[in-house]
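This report goes through a few local features of one protein chain. The sequence and model come first.

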Amino acid sequence: MFESLPESKPDAILQLMETFRADTRTNKIDLGVGVYKDANGQTPVLTSVKKAEKILLDTQDTKAYVGPVGSRPFCAAMITQVFGAQAQTDRIRCAQSNGGTGALRILADLIKASKPNSAIWVSDPTWPNHIPVFKAAGIEMKTYPYYDADNCSVDFDAMMSTLKQANDGDVVLLHGCCHNPTGADLSIEQWGDVADMCAKKSLFPFFDLAYQGFGDGLEQDAASVRLFASKLPELVVAASCSKNLGLYRERTGAAMILAENNTNADKALGQLSVVIRSNYSMPPDHGANTTNLVLTDDALNKEWRDELEEMRLRMLRLRTAFAEGMRQRTNSDKFDYIAGQKGMFSRLPLNTQQIATLRDDNGIYLVGDGRINVAGLPEEGMDALVEAIASVL
Ligand SMILES: Cc1ncc(COP(=O)(O)O)c(C=O)c1O
């Protein structure tokens, strides 16, 4: 049966995780895997989440099926979080999903069912898993230039001039905030220009919002989506609760649809339910129910917002300390950009050989394209890290 299958290529980041685990050096540093880490190198369960889980455990009185679109209160809370408390919700629909990835996949299937001949444009570079997800949905993929590696910033002119060549009706995947892997985001003015171009060319915006609250703040990080929602008739959002609630393994996310009118919104959600039912039938409950409590209980919500803000500010402090260390050690401003970028990732301008040397000689692990997880930067050992990186330059 299976002998004809080709050998599958292991996921590069997951493989890096395995190699790191097997490394017995005590001073090793993991800058690879995309999970938040605190000052002790731990990815803790947030206190607000623990409290919500306890309430859930004490009060839940059924494990009956939740239905394909999942928990309605969770969906309502996620719509408010992403589109804002003032949003007109009559054209918005939401289905609970298996994390952000699950939302990406079911929305991709929805697009394939609605517009089978549209291509999807993704940024170059993008989160590597975008590519297999959209390929699996049978959508043609194209790339638009995004990052200017020489200047470590967004190449906005190249992005716009490429997207201008897209066919009317094509889909554009946009990282709503905290671009993965570059940490380089658009300004609000640039978001406005992209929205205007999408409106002019009838391009369909598909937002991936996996890091809301990790960039400039919970509300600020949704500004891109909200601006598009104010200018365009339709869009979709794949939101993840993995990072901002630390719910990674609970697989909690939301697939959201803004449609041209109420009728189309219902049709789209109906089709999304069909996609879900034929795939995994219904989403898991625990993470979404926990999230709903954290988002809707005043005390838990305040506690969570404080915890989220602490994570965000810690990453900003680490960015500043690293950039400052590199400035002093290299006597140049080459790494200053790290301090100004957003979210959990940035890219270091290192080649494959330099990355391998850091791993083999210093036990410093980063992804092959130079991506670092800023939350993994060591507060205590920053000098040693800066020294090691500077020594391979
Ligand atoms: C850009 C981006 N989108 C989506 C996801 C999916 O997150 P999850 O499926 O774990 O919720 C990730 C996770 O790393 C990501 O970086």
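Which side chain of opposite charge is nearest to E307, and how many Å away is it?

## Basis of the model

This is a predicted model, in which local features need pLDDT of at least 70 and side-chain atom pairs count only at pLDDT 80 or more, while totals for chains, interfaces and linings use all residues. Residues are numbered from 1 along each chain as its sequence is written, and side-chain values use heavy atoms, with hydrogens and water left out.

## A buried glutamate

The nearest side chain of opposite charge to E307 is K51, 7.8 Å away. Lys and Arg count as positive and Asp and Glu as negative, with His and the chain ends not counted. E307 is buried (under 20% relative accessible area; exposed is over 50%, partly exposed in between; 1.4 Å probe, protein chains only). E307 has no salt bridge (a side-chain nitrogen of Lys or Arg within 4 Å of a carboxyl oxygen of Asp or Glu).

E307 sits in helix α11, residues 298–330. Helices (H or I, at least four residues) and strands (E, at least two) are DSSP runs, numbered from the N terminus. Leaving aside neighbours within four places in sequence, E307 is in contact with L46, T47 and S48 (heavy atoms within 4.5 Å).

## Cis peptide bonds

The D124 to P125 bond is cis, with omega near 5 degrees. P125 belongs to the loop between β3 (119–124) and α5 (130–136).

The N180 to P181 bond is also cis, with omega near 20 degrees. P181 is in the loop between β7 (171–175) and α7 (188–201).

## Positive phi

C178, in the loop between β7 and α7, has a positive phi near 50 degrees without being a glycine. C178 is buried at 2% relative accessible area.
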